[in-house]
Amino acid sequence: EPTLAAIREKKRIALANKETLVCAGELVMAEAERCGAEIVPVDSEHSAIFQSLQGCRDRREVKRLLLTCSGGPFFGLSHEELEHKTPADALKHPNWSMGAKISVDSATMMNKGLEFIEAMRLYHMPPEKISIVIHRESIVHSLVEYCDNAMIAQMGTPDMRLPIQYALTWPHRTKAAATELDLFSCPELTFQRPDPETFRCLGIALECAKKSGTTCAVMNGANEAAVDLFLHDKIGFLDIADLV
């Protein structure tokens, strides 16, 4: 409701949450277009895509959006190894300092599923034109692949001050508040495929992304309830996906 109210006032919205577009993205984006309001993403991955699209003159030239993902604290673990993970384990994100709910979503990889749905809404892209890439270092924040197979990426340190600042100053850039990326000391960059079978919340989100109606809103609500139960030690880590 606050987002729709701002849209109807023709404001620029620096959108910092995923749920608005996950639950009601088609409604919100249609209203923004009707009212002439601007929606600029603050999330680091969507800011990276937004920045990488600045030189795009025709969206038909876009072949694919690639959302990068750290993989969270449990990446590479088996289903059996995940069974006894606690809230304290899930809150230990390797690269970002985040709130408890988002940290758990990162551990289950639901967070990337929500971002996948958000990308569909923000950029009017069908699910088959969006891919998820595990990038443990969180240096490449996301990429756009064009029809000639060129890829444009936005790189930087894992510092939320950059996407926040860009959302507030766009279409201009100002003196940096974010930490500078030193290419000579940054880690080797790696890229791997996600595992939606082990991290079932990601698989559920991708399945919901292909359906229309209120499916994504239902999934989001179920996930919020399940994560809250997990954080209060009422269910186990793997129970989150079962409940969703």
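Both faces of strand β4 are covered: I130, I132 and I134 on one side, and S131 and V133 on the other, are all buried. Here, buried means under 20% relative accessible area, exposed means over 50%, and partly exposed lies in between (1.4 Å probe, protein chains only). The model is predicted, so that local features need pLDDT of at least 70 and side-chain atom pairs count only at pLDDT 80 or more, while totals for chains, interfaces and linings use all residues. Residues are numbered from 1 along each chain as its sequence is written, and side-chain values use heavy atoms, with hydrogens and water left out.

- Strand β4 covers residues 130–134, and five of its five residues are buried.
- Helices (H or I, at least four residues) and strands (E, at least two) are DSSP runs, numbered from the N terminus.
- Strand β3 (residues 62–69) pairs with β4 in the parallel sense over five bridges; two strands pair if DSSP finds at least two bridges between them.
- The bridge partner of L65 in β4 is I130.

**The chain as a whole**

- The protein chain contains 11 helices and six strands.
- Its radius of gyration is 18 Å, close to the 18 Å that the globule rule gives for 244 residues, so the chain is as compact as a globular protein of that length.
- The radius of gyration is taken over C-alpha atoms, and the globule rule is 2.2 Å times the number of residues to the power 0.38.
- Along its principal axes, the C-alpha trace spans about 50 × 45 × 35 Å.
- Buried residues make up 48% of the 244 residues in the protein chain.
- Among contacts (heavy atoms within 4.5 Å) between residues at least 6 apart in sequence, 71% join residues at least 24 apart.

**Backbone features in the loops**

- Most residues other than glycine have a negative phi, and most peptide bonds are trans.
- H124, in the loop between α7 (110–123) and β4, has a positive phi near 55°.
- With 55% relative accessibility, H124 counts as exposed.
- S138, in the loop between β4 and β5 (140–146), also has a positive phi, near 55°.
- S138 is buried, because its relative accessible area is 6%.
- W170 and P171 are joined by a cis peptide bond with omega of about 10°.
- P171 lies in the loop between α8 (161–169) and α9 (200–209).
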